[in-house]
Amino acid sequence: MKVDGSVAVVTGAGSGIGRSIAAALAAAGASVVAGDIDAASAAETATLIGGTGAAADASSTDGIATLLDTARQSFGPVDIYVANAGITGQPGLGDDETAWDQIIDINLRAHIRAAKAVVPEWVERGSGHFVAVASAAGLLTQLGAAPYSVTKHAAVGFAEWLAITYGDKGIGVSCVCPMGVNTPLLRGMSDSPDAEIRVAGAAVTSAGAVINPDSVAALVVQAIIDQTFLVLPHPEVLTMYRQKGADYERWIAGMRRYQRTLG
């Protein structure tokens, strides 16, 4: 797919991976709407990349409509949608049902609602690309935080379904599954006053290198061009994933041992 001359929407673009993806797409020639629930952060990213900022809740149908309408009015129909916005949620089992609803909305339903908004138009046109920013937690797991692990698994599953269902109709799908990336989200986990959240952060930072979000963004742009599904900024995740599938019992036992070393 050609990125140069395309129109892209990036959610959670006010900082971290989202800002870097928005910048990388703009550098590759795309016209970008930088969406974020924080209006000032969205505007700052837009200024940095020469795009348009939009304050919107990417987990709601109204917020997604705002992003798409902003893109159409500023640049034209959307070709690329990057569902990047995400939160860590509560630690442990996540006792608050309202908080479970919130993380499901942001980490999963945002992808579903966005796909429902863009896919029918893309099928008509015979082209379009959907990027789901998930996590290595969606292929492996996230120690210390069930809501994050569950929603990231679900995001990977939804991206797989999209790729299978619409791949023959000209629609590309990429699923991005990094481990540690130097973002406010990861720093917030590592610095949390909650011990379980700090364990979750330590599980990420000690599993492999903490990389720059610009490195993730470069791989995302290349994946769109090459029509690659699985994007692994940490290549070792593929080995871990294969080991998990080869012997699930051994993998779970190993993860328990790893958890004990962190606890």
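Helix α4 gives the most to the lining of the largest cavity, with four residues. The structure is a predicted model, in which local features need pLDDT of at least 70 and side-chain atom pairs count only at pLDDT 80 or more, while totals for chains, interfaces and linings use all residues. Residues are numbered from 1 along each chain as its sequence is written, and side-chain values use heavy atoms, with hydrogens and water left out.

A cavity is a set of points where a 1.4 Å probe fits but cannot get out. A pocket is an open set with protein on both sides within 12 Å along at least five of seven lines. Lining residues have an atom within 4 Å of a point. Grid points are joined across faces, edges and corners, and a volume is the space filled by probe spheres set on the points.

One cavity of 30 Å³ or more was counted. The largest cavity has a volume of about 30 Å³. Its lining consists of Leu68, Arg72, Val78, Ala117, Val118, Glu121 and Trp122. Helices α3 (61-74) and α4 (97-125) each supply at least two of the lining residues; helices (H or I, at least four residues) and strands (E, at least two) are DSSP runs, numbered from the N terminus. Five lining residues are nonpolar, none polar and two charged. Here Ala, Val, Leu, Ile, Met, Phe, Trp, Tyr, Cys and Pro count as nonpolar, Asp, Glu, Lys and Arg as charged, and the others, Gly among them, as polar.

The largest pocket holds about 1,100 Å³ of space. It is lined by 49 residues, of which Ala134, Ser135, Tyr148, Lys152 and Leu185 are the closest to its centre. The pocket lining divides into 29 nonpolar, 17 polar and three charged residues. Elements that each supply at least two residues include β2 (31-36), α6 (184-190) and α10 (248-262).

Seven strands form an open, parallel sheet in the order β3-β2-β1-β4-β5-β6-β7. Strands pair if DSSP finds at least two bridges between them. The edge strands β3 (52-55) and β7 (230-231) each have a single partner, so one side of each lacks a neighbour in the sheet. Strands β5 (residues 128-133) and β6 (residues 171-176) pair in the parallel sense over six bridges. Ala132 stands opposite Cys175 in β6. Helix α5 packs on the sheet, touching β5 and β6, at about 160° to β6. Contact means heavy atoms within 4.5 Å. Axes are lines fitted to C-alpha atoms, for helices over the stretch in contact, and angles run from 0 to 180 degrees between N-to-C directions.
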